[in-house]
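Please open the structure in your viewer and keep the selection tool at hand. The stops below are to be visited in order.

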Amino acid sequence: MSTHPEVLWAQRSSDSVADKNIVWLTVNVPDIDESSLQYELTSTEISFKAESKTDKKVYAFSLSLFDEVDTEASLSKLSSRSFTAVLRKKALKSEYWTRLTKEKTKLPFVKTDFSKWVDEDEQDGAPLEEDFSGMGDMAGMGGMGGMGGMGGMGGMGGMGGMGGMGGMGGMGGMGDMGMGGMGGMDFSKVGHF
């Protein structure tokens with residue numbers, strides 16, 4: 001008996017650059033026994049089966065893809081934490097796939113990879129993975145680089161623009177607002193909520 005692994009996915013699309021027309025798949029299974037790994041990619045389907053050395057479970061899934069992929073240009077990599085595949089979409093289109101699978105069924109083990117996801121209208125400015133063509137050791141870590149800017153919160157310097165909130169001086173007592181001042185009103189008789 002096998003268990004479905006968590007499968008994370010994200011994509012980019014381009015109607016002119018094949019390298020930017022991809023689907024990222026990350027299969028989260030720690031400590032995959034490499035000798036047990038069975039991965040097959042056809043132009044319309046992907047299947048995966050492997051055993052984890054840590055929990056001795058067999059993880060497997062098979063998916064019919066939303067559209068065709070170029071199997072020759074697609075890449076895969078095994079690390080100690082996961083199996084990653086970069087699938088090259090066959091058709092050059094600027095539109096995203098509406099889902100990963102051909103079927104409209106929601107699969108609970110397939111989830112969006114928000115560390116790689118970019119909205120369709122913002123993908124032109126988004127960087128692709130650094131070492132994605134060679135699927136080097138850190139290929140699956142593309143979303144980890146950005147935390148550099150917090151160093152000491154330098155721009156906060158005592159909240160400079162706040163200046164002690166000294167500008168409330170002209171409020172005086174509301175006397176000229178046509179309300180007759182609020183004088184004589186007994187607030188102790190107002191009901192409490």
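Select Glu6 to begin: in this predicted model, Glu6 is partly exposed, with a relative accessible area of 31%.

In general, side chains of opposite charge can pair when their charged atoms come close. A search of the whole structure finds five salt bridges, and two further examples follow.

**Second stop: Asp19 and Arg88**

Select Asp19 and Arg88, whose side chains meet in a salt bridge at 2.9 Å, N to O. Here too, distant parts of the chain are linked: Asp19 is in the loop between S1 and S2, while Arg88 is in strand S7 (residues 83-89), 69 residues apart. Is each partner buried or exposed, or something in between? Asp19 is partly exposed, with a relative accessible area of 42%. Arg88 has a relative accessible area of 16% and therefore counts as buried, because the limit for that class is under 20%.

Proceed to Lys90 and Glu68, where the side chains form a salt bridge of 3.8 Å, N to O. Lys90 lies in the loop between S7 and S8, and Glu68 in the loop between S5 and strand S6 (69-78), 22 residues apart. Both residues are partly exposed: Lys90 has 48% relative accessibility, and Glu68 has a relative accessible area of 34%.

How far apart in space are Thr44 and Glu68, C-alpha to C-alpha? The distance is 5.0 Å, although the two are 24 residues apart in sequence. Leaving aside neighbours within four places in sequence, Thr44 is in contact with Leu63, Ser64, Leu65 and Glu68. Thr44 itself is partly exposed, at a relative accessible area of 35%.

Select Asp31, in the loop between strand S2 (22-28) and strand S3 (38-41). Its phi is positive, at about 50°, although Asp31 is not a glycine. Asp31 is partly exposed, with a relative accessible area of 33%.

Next select Lys56, in the loop between strand S4 (45-51) and strand S5 (58-64). Lys56 is not a glycine either, yet has a positive phi of about 60°. With a relative accessible area of 58%, Lys56 is exposed, because that class begins over 50%.

Switch to a surface view and select Asp15, Glu95, Asp119 and Glu120, which form a negative surface patch. Glu120 lies in the segment after strand S8 (110-112) and counts as partly exposed at 38% relative accessibility.

**Final stop: the whole chain**

Clear the selection and display the entire chain. How many helices and strands are there? The chain has zero helices and eight strands, giving the pattern β-β-β-β-β-β-β-β along the sequence. Among contacts between residues at least 6 apart in sequence, 60% join residues at least 24 apart. Of the 193 residues, 29% count as buried. The chain exposes about 12800 Å², of which carbon and sulfur atoms supply 54%.

Terms used: Residues numbered from 1 in each chain as written. Predicted model: local features only at pLDDT ≥ 70, side-chain atom pairs only at ≥ 80, totals over all residues. Heavy atoms only, no water. Patch = residues over 30% accessible without salt bridge, like charges linked within 9 Å, V, L, I, M, F, W, Y side chains within 5 Å. Areas by Shrake-Rupley, 256 points an atom, 1.4 Å probe, with all protein chains shown as cover. Salt bridge = Lys/Arg side-chain N within 4 Å of Asp/Glu carboxyl O. Lys, Arg positive; Asp, Glu negative; His and termini not counted. Charge placed at Lys NZ, Arg CZ, Asp CG, Glu CD. Helix = DSSP H or I, 4+ residues; strand = E, 2+ residues; numbered from the N terminus. Buried < 20%, exposed > 50% of the residue type's maximum accessible area, 1.4 Å probe, protein only. Contact = heavy atoms within 4.5 Å.
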